[in-house]
Amino acid sequence: MDVQELIAEAEEALERENFDRAQQLAERVIEARHSYGFELLARVHELRENIPRAIAVLQEGVAKAPNAWSLWLMLGELRSDNGDYDQALAAYDTALGIEGVDTDEVHVNAAIVHERAGRPEDALMRLHEVRGTNVEAAIVAARVRAEILLEMERADGAAAAAKAGLDLVDDDTPAEDIAPLYAALAKAAWMKGDADTALHNAWEAIEHNATNDTALWLIREIEGLYSDSAKYYRILMHGQWPADHFEKNPPDGFWRKYDVVADDEEEAMRLVARVEPEFVRETLRADEIDVVEETVDQPKGVYWCTPYAFYRETE
């Protein structure tokens, strides 16, 4: 088996969460002196939630392959996730000095580090370095800029940033990258007292990704559906997407969990159905419904949901 075959099999093992197999293959890629093996091995440890071990693997990788900018980039990301902000920036700055590096991606990630470290102005300055050569990174930059400006209570600037990001969207843009832009527009409108526009854009965000916390929160706040008999439900829902929504190998169905505040199970199901696409609603059925709290003084609506967990009966 050559290196590319090893890499492909390792990627498949990671996708299937067969971490032991993925680790064995990643180590073989490293033995073959291919720098991508360090990234694969780091991902194994990251998915096992052992971030320090993943960082150690990448540090070994950049020592042996110092011109592999993707390793420096991943090292920066994991250091940032681990709260090592200065070291994360050092990794990004090293990546910028390597030929062929995606500078837009580096600057976006560096801006996120500054934002996490509580340095919003530094984050905005770093975002000014994004030139748009990588459209995907530019969309993320627009989202990060909008969210920072919202935290700074600069609603007009946040709305402008979100709109600029939406102008870059095309048919290939993932829905999960589009949803935060609409959510930012919604929050900006809400901050300016325009509840109708805020609600419209919040639903646009949900249409793209129902897991968006900002949009779910705004819908609950704006609709303000309070009730003395409200309960907090946790629901495991089953449903099915039409086969023609998939290029090949359509799944047999999906599972999804929701936290919902409603008066009763029937209303909880209605509130869940609202955040699902119309073409899914008739297929929805509750597999489990549990009452987490008997009395809730919070507005009714969906509070949280997981991403889709698609499955196939043959798996």
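This is a predicted model: local features need pLDDT of at least 70, side-chain atom pairs count only at pLDDT 80 or more; totals for chains, interfaces and linings use all residues.
**View 1**
The structure holds 1 cavity of 30 Å³ or more, and the volume of the largest cavity is about 60 Å³. Its lining consists of W203, L216, I219, R220, L271, R274, V275, G301 and V302. At least two lining residues come from each of α13 (213-223), α14 (265-274) and β4 (301-305). Helix α13 contributes the most, with 3 residues. Sorted by class, the lining of this cavity has 6 nonpolar, 1 polar and 2 charged residues.

H238 is part of strand β1, which covers residues 231-239. The relative accessibility of H238 is 8%, so H238 counts as buried, the cut-off for buried being under 20%. The side chain of H238 forms a polar contact with the side chain of Y311, at 2.6 Å. Leaving aside residues up to four places away in sequence, H238 touches G253, F254, W255, T283, L284, R285 and Y311.

**View 1. The largest pocket.**
The largest pocket has a volume of about 520 Å³. It is lined by 22 residues, and those closest to its centre are I206, E207, H208, N209 and P277. Two or more lining residues are given by each of the elements α11 (175-191), α12 (195-208) and α15 (278-281). Of the elements, α12 gives the most to the lining of the largest pocket, with 6 residues. By class, the lining of the largest pocket divides into 10 nonpolar, 4 polar and 8 charged residues.

**View 2. The second largest pocket.**
A volume of about 370 Å³ is found for the second largest pocket. Its lining has 15 residues, and E77, E105, N109, I112 and V140 lie nearest its centre. The elements α5 (69-81), α7 (103-116) and α9 (135-151) give two or more residues each to this lining. Helix α7 supplies the largest share of the lining of the second largest pocket, 6 residues. The residues that line the second largest pocket divide into 6 nonpolar, 3 polar and 6 charged.

Key:
Residues are numbered from 1 along each chain as its sequence is written. Side-chain values use heavy atoms; hydrogens and water are left out. On a 1 Å grid over the protein atoms alone, a cavity is a set of points where a 1.4 Å probe fits but cannot get out, and a pocket is an open set with protein on both sides within 12 Å along at least five of seven lines; lining residues have an atom within 4 Å of a point. Grid points are joined across faces, edges and corners, and a volume is the space filled by probe spheres set on the points. Helices (H or I, at least four residues) and strands (E, at least two) are DSSP runs, numbered from the N terminus. Ala, Val, Leu, Ile, Met, Phe, Trp, Tyr, Cys and Pro count as nonpolar, Asp, Glu, Lys and Arg as charged, and the others, Gly among them, as polar. Buried means under 20% relative accessible area, exposed over 50%, partly exposed in between (1.4 Å probe, protein chains only). A polar contact is a pair of N or O atoms within 3.5 Å; within protein, one must be able to donate a hydrogen and the other to accept it, and residues adjacent in sequence count only if both atoms are side-chain atoms. Contact means heavy atoms within 4.5 Å.
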